[in-house]
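Dear colleague,

I am passing this structure on to you, and below it you will find my notes on what was found.

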Amino acid sequence: MTAPVMHLHDVTHRASERFTLHVPALTIGPGVTTVLGSNGSGKTTLLRLLATVLAPTTGLMTVAGQPASDASLPMVRRQLGYLPQDDSVPRRLTVFDHVDLVAVMRELHTDTRRRRAAVHRALREVGMADLCGERCGRLSGGQRRRVALAAALAGDATLLVLDEPDAHLDAEHLQLLTESLRARAPQTTVVVATHDEQWAATVADRTVRLVDGHLADGRG
Amino acid sequence: MNIDRIDQRLVANLDAIMGEISAPARSHFERALLSVRVPEPTARLVAATPVLRWAWFAAVGVVLLFAASAGAEQWQPGDQLAVFLALAPLVPVLGVALAYGPHADRSYEVAVAAPLSGLRLVLLRTISVVVAAAAVSLLTVVAAPTEGWLRLAWLLPSLATTTTALALATRLGVRRAATSVGIGWLVVVVAVSQVRDDATAPFGAAGQLVALAVALVAGAILAGGRRRLDRWSDA
Amino acid sequence: MRAGTLLAVTAPERTDPELLAAIAAGDRAALEALYHRHARWLLVRLHHRCSDADLVDSALQDTFVSVWRGARNYRPDAGEVGAWVWSIAVRRLVDHLRRRPHPTPVSAVPEPEPLPPPGTPTYDLLSRLPAELHSVVQAVYVDGLTTAEAGVLLGIPQGSVKSRLSRAKPLLQEVLR
């Protein structure tokens with residue numbers, strides 16, 4: 001499957017009384033696009049829009065030519081791997097069970113063995129395969145972050161929306177993440193929000209900057 | 001045989017093997033679901049739900065309360081049943097509150113972004129609580145001190161509170177909807193009991209018909225607004 | 001991954017029985033090592049028995065899952081690890097052939113199977129048998145299958161397996177003499 005192109009046409013999202021995100025026009029294609037901006041600039045709101053978690057208040061968003069609205073949501077979401085900014089890993093489940101449960105919700109494979117293979121491959125990719133039987137509640141913050149990342153990477157999504165995947169990662173695992181994203185870049189549309197300008201420069205094909213809910217400048 | 005294909009297959013087969021041996025043993029509950037022919041992905045969704053055990057505990061708690069109060073002499077037998085009938089329809093509402101939403105489930109946002117429909121997920125999880133609660137309640141009600149059909153008078157009200165909570169959830173979010181329905185239900189039950197001066201009055205024939213009507217209307221609203229459960233809500 | 005590569009360079013290679021002992025103790029890396037050592041020839045050899053790639057893949061996966069769960073059942077005095085793993089693999093293949101919705105139609109003579117490598121005693125023995133007998137002898141005497149399992153593997157009735165075996169026996173006795 002080819003990497004989907006996302007278009008935002010004059011999209012606004014009113015997140016609260018005081019904050020509205022406004023994107024006049026934005027096209028995100030194959031490769032790694034990083035979203036930079038300070039806290040409160042609207043990075044997470046933009047990524048939630050791109051992950052179809054939030055609906056635009058006004059305007060139109062399309063994914064691979066399809067409007068990302070009610071009827072086509074499941075189709076868009078089948079291509080999507082999403083890492084939210086907040087900790088998304090329940091404490092009671094084991095590492096494997098959590099990633100497997102997300103894989104079920106993502107409808108990755110109907111065949112149990114193929115789904116489990118995809119789960120294992122993702123856990124191996126983030127260096128968590130050896131801890132697959134551990135309860136998530138016993139992991140460090142960085143390890144839990146890698147489990148959440150595995151849940152997003154599993155099954156080779158062609159559209160990856162990752163909100164601060166570098167948070168809590170040590171240098172070694174940040175390097176692994178960079179390699180993973182670069183390896184996928186040509187055939188995957190990857191959107192990454194981060195605070196780390198230096199890391200963004202090493203991983204990105206393009207950069208989008210947000211200031212107070214508005215696009216500042218883009219290059220590439 | 002093409003040697004490149006063999007290398008690919010060897011890699012894919014190793015992933016399948018390691019995935020198979022890495023998967024933790026299924027819980028008793030999940031195996032029970034599989035043994036009654038529930039599809040494997042559905043069994044996973046229901047069994048691995050992280051917060052539902054609290055709703056199970058609540059169901060058991062209501063029943064224990066009922067059993068414990070059975071010997072209390074200051075109560076009339078009718079009062080005891082009335083308290084049970086008033087509390088039983090709240091259990092599935094609690095199930096709804098704990099089934100879905102950012103306060104109930106850390107992976108809620110991931111679930112929203114997944115193709116699986118929000119309504120399907122919330123229904124699957126609610127139904128598992130309702131079935132468990134109903135099973136436990138039925139056992140207890142067999143020993144209820146009152147004769148006749150009043151023993152089962154919580155069934156339709158439970159259906160009404162559950163569907164109303166789900167229907168409101170499409171507008172208010174899951175948590176606010178469940179809280180509203182919980183409070184609303186208790187207000188109605190207490191008010192009707194006071195006006196009629198009979199603790200079991202809300203569960204009479206008229207009450208059952210109203211409950212059925214509410215359930216049908218709520219079901220229609222839920223069906224119409226189900227797509228809203230596919231987007232994020234923080235309530 | 002990198003740590004694993006480093007270890008492989010510094011630590012001496014473990015023998016097959018050592019790997020199985022480690023697998024019995026729950027060492028996942030040992031299972032991967034055993035897989036890297038044996039999976040390729042197992043895959044090729046399973047293909048000599050069955051041309052369906054999906055079935056062979058499933059059988060190979062089942063084989064190593066069985067090895068993971070049953071490694072403690074291996075007894076070093078019972079023979080080579082490779083032979084033990086092969087005996088599991090060929091049974092898993094038969095399991096899958098049994099479960100297949102449409103069993104292979106019974107053809108008059110099954111395709112002659114490739115022989116074991118030249119120079120081995122088995123090769124010399126089998127090469128002197130008629131083609132339709134050597135696949136039966138191989139399934140029963142080399143792979144250690146029951147006549148029923150051999151029937152499933154070769155797609156012929158159990159009775160045919162038995163009759164071919166009884167035809168093969170005097171021939172085998174002759175060559176062995």
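Which domains does the domain assignment of chain B give? It gives domain 1 (1–48) and domain 2 (49–230), with bounds that come from an automatic or database domain assignment. The contact between them takes four residues from domain 1 of chain B and five residues from domain 2 of chain B, two residues being in contact if their C-beta atoms, placed from the backbone, lie within 7 Å.

Please keep in mind that this is a predicted model, in which local features need pLDDT of at least 70 and side-chain atom pairs count only at pLDDT 80 or more, while totals for chains, interfaces and linings use all residues. Residues are numbered from 1 along each chain as its sequence is written, and chains are lettered from A and ligands numbered from 1 in the order in which they are written.

Chain C has nine helices and zero strands, where helices (H or I, at least four residues) and strands (E, at least two) are DSSP runs, numbered from the N terminus. Of its 177 residues, 32% count as buried, that is, with 20 or more other C-beta atoms within 10 Å of their own, whereas exposed means 12 or fewer and partly exposed in between, with C-beta atoms placed from the backbone.

In chain A, helix α4 covers residues 112–125 and has 14 residues. Because 10 of the 14 residues of α4(A) are buried, the helix is largely enclosed by the rest of the structure; among them are Arg115(A), His120(A) and Leu123(A). Just after α4(A), Gly127(A) takes a positive phi of about 75 degrees.

With best wishes

Technical notes. The expected span of a helix is 1.5 Å times one less than its number of residues.
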